[in-house]
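These are my notebook entries on a structure that I had not opened before. I wrote down what I looked up, one topic at a time.

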Amino acid sequence: MTDPIADFLTRLRNAIMAHHRVVEVPASNLKKSITKILFEKGYILNYKFIEDGPQGSIKIALKYDPATKQNAIKSLKRVSTPGLRKYTGYKDMPRVINGLGIAIISTSQGVMTNKEAADQKIGGEVLCYIY
């Protein structure tokens, strides 16, 4: 697999379109960090890290509105790819839908949202947009 982050986002996107309650993805430290951010920002209901075998997996419970049956995640977009990396400084931090969505940034201090990176005045690689 050449782009595990794109695979992670695609698995989430496919589970949302199929109205699944739970999706299971192969684990890595970067995927665990992205999952924690999604949970903290309220885009997913819950998650669980399963340590079986050398790699392990992540079970993610998706969040739906009970009345309208719509998912909390409207769009997942990969920005930086292995063939074309996208970097940003803290002054040029991307705003997703005028601040309504989040951009996930991989920095030297770890994986964080665009707002946290701008507050700490550090830039990094823009992994994806979520809204």
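**Entry 1: a strand pair.** I began with lysine 48, whose bridge partner in S3 is lysine 59. The two strands here are S2 and S3, which run antiparallel and are joined by 6 bridges; I count two strands as paired if DSSP finds at least two bridges between them. Helices (H or I, at least four residues) and strands (E, at least two) are DSSP runs, numbered from the N terminus. S2 and S3 form a hairpin with 6 residues between them, and in the turn glycine 53 has a positive phi of about 80°.

**Entry 2: what I am looking at.** I noted that this is a predicted model, in which local features need pLDDT of at least 70 and side-chain atom pairs count only at pLDDT 80 or more, while totals for chains, interfaces and linings use all residues. Residues are numbered from 1 along each chain as its sequence is written, and side-chain values use heavy atoms, with hydrogens and water left out.

**Entry 3: the sheet around that pair.** In what order do the strands of the open sheet lie? I found 3 strands in the order S1-S3-S2, with antiparallel pairing. S1 and strand S2 (44-50) are the edge strands, each pairing on one side only. From one strand to the next the twist averages 20°, where angles run from 0 to 180 degrees between N-to-C directions and axes are lines fitted to C-alpha atoms, for helices over the stretch in contact. Between S1 and S3 I recorded 5 bridges in the antiparallel sense, and valine 23 stands opposite isoleucine 60 in S3. H1 packs on the sheet, touching S1 and S3, and its direction makes about 165° with that of S1; contact means heavy atoms within 4.5 Å. H2 also packs on the sheet, where it touches S1, S2 and S3, and its direction makes about 150° with that of S2.

**Entry 4: helix H1.** I then followed H1 (residues 4-17), which has 14 residues and reaches 20 Å from its first C-alpha to its last, close to the 20 Å expected at 1.5 Å a residue; the expected span is 1.5 Å times one less than the number of residues. Its buried residues are Ile5, Asp7, Phe8, Leu9, Leu12, Ala15 and Ile16, where buried means under 20% relative accessible area, exposed over 50% and partly exposed in between (1.4 Å probe, protein chains only). Among the elements that cover these buried residues are strand S1 (22-26), helix H2 (29-40) and strand S8 (124-130). Just after H1, histidine 19 takes a positive phi of about 60°.

**Entry 5: H1 against H2.** How do the axes of H1 and H2 cross? They come within 10 Å and cross at roughly 40°. That makes H1 oblique to H2, because angles under 35 degrees count as roughly parallel, over 145 as roughly antiparallel, 65 to 115 as roughly perpendicular and the rest as oblique. Where they meet, Pro4, Ile5, Phe8 and Leu12 in H1 face Leu30, Lys31, Ile34, Thr35 and Leu38 in H2.

**Entry 6: a lysine to check.** Is lysine 32 buried or exposed? Lysine 32 lies in helix H2 and counts as buried, at 18% relative accessibility. Leaving aside residues up to four places away in sequence, lysine 32 touches Ala27, Phe49, Glu51 and Ile58.

**Entry 7: two loop residues.** Most residues other than glycine have a negative phi. Isoleucine 97, in the loop between strand S5 (87-88) and strand S6 (102-107), has a positive phi of about 50° although it is not a glycine; it counts as partly exposed at 41% relative accessibility. Lysine 121, in the loop between helix H3 (114-119) and S8, has a positive phi of about 60° and is exposed, with a relative accessible area of 56%.

**Entry 8: glycine 101 and S6.** Glycine 101 lies in the loop between S5 and S6 and is buried, with a relative accessible area of 1%. Glycine 101 and tyrosine 131 are 30 residues apart in sequence, yet 4.3 Å apart in space, C-alpha to C-alpha. In S6, 5 of the 6 residues are buried. S6 runs antiparallel to S8, joined by 6 bridges, and a hairpin through 2 residues joins S6 to S7. Threonine 107 stands opposite glycine 124 in S8, and its bridge partner in S7 is glycine 110.
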